[in-house]
Amino acid sequence: MGQRIAMAASAGGDRIAYAVTGSGPPLVYVSGWLGHLELSWALPAERAYYEALADGRTLIRYDKPGCGLSEGHDGPYTMQREQDALRAVVAAAGVARFDLMGASLGAGVAAGWAAEQPASVSRLVLYGGWPRGVDVAAPEIREHVIGLVRQHWGLASDLLTDIFAPDADAATRVAFTRYQRDSASAETACAMLAAAYTINVVDLLPLISAPTLVVHRDGIGPRRSSRGGGWRTAFRGRGSRLCRGGRICPTSVRCGR
């Protein structure tokens, strides 16, 4: 299975690279952290994950502004910029209605889109993530992480690997650490972290009408916002799955009720 890469232009001036894999009903995937369409396809675990998502579907995923093959412009990294990127990709791919999946920070972006563009979303999947960024960590921790990324991106990428993939084997950890640094600059990483800490879609959640599945791993946080009172409170009565493991990156997922 291969992927076809093309470019889309957002209303905000970013050029967004997106990839199309497989055939069938469309599934649009919003990633969480830094990404690179070509480098992620070269990582065996990541490629296997995306190929599984594309089995019987047309998988559409993209690099966020300033990441991977996408180009960014000067300006703040905001949720509006995230929404503009998603809108550009959907329009360029020519899909009017689709299943939508968001992981980590991408879960909030996907939830916001489903609330504001209900006619376009057939089904919604939220993997991890959080509806309100201030619940992710205490202010001093947020400031420390952003400061470390700004001052020493190499060391910070090691730290973030500990957070995103604590149970990964040594080779995977080394590859993921390098992958982060190759996907974006320290400046872009700082901007995306700041956006992750300030996102707030709580007031939009009641507007979501699409069938929604919330997936969370038992070994990762922030539990208060994603496993606990955030998604699951808003979507009480809808589907939820708890998966084993502490890896935020959604590969090798084993879920149960």
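Buried means under 20% relative accessible area, exposed over 50%, and partly exposed in between (1.4 Å probe, protein chains only). This is a predicted model, in which local features need pLDDT of at least 70 and side-chain atom pairs count only at pLDDT 80 or more, while totals for chains, interfaces and linings use all residues. Residues are numbered from 1 along each chain as its sequence is written, and side-chain values use heavy atoms, with hydrogens and water left out.

**View 1. T177 in helix 7.** Here we look at T177, found in helix 7 (residues 170-183); helices (H or I, at least four residues) and strands (E, at least two) are DSSP runs, numbered from the N terminus. T177 counts as buried because its relative accessibility is 7%. Leaving aside neighbours within four places in sequence, T177 is in contact (heavy atoms within 4.5 Å) with S157, D158 and T161.

**View 2. The largest nonpolar core.** A nonpolar core is a set of buried Ala, Val, Leu, Ile, Met, Phe, Trp, Tyr and Cys residues joined through side-chain atoms within 4.5 Å. The largest one has 37 residues, and Y62, L86, L100, L124, L126, I208 and W231 touch the most other members. Among the elements that each supply at least two residues are strand 2 (15-22), helix 3 (79-93) and strand 6 (121-127). Helix 4 gives the most, with eight residues. Apart from this core lies another, of 23 residues, including W33 and L148.

**View 3. Stretches to read with care.** The predictor's confidence in each residue, pLDDT, runs from 0 to 100. It stays under 50 over residues 221-229 and also over residues 252-257. Where pLDDT is low, the predicted coordinates should not be read in detail.
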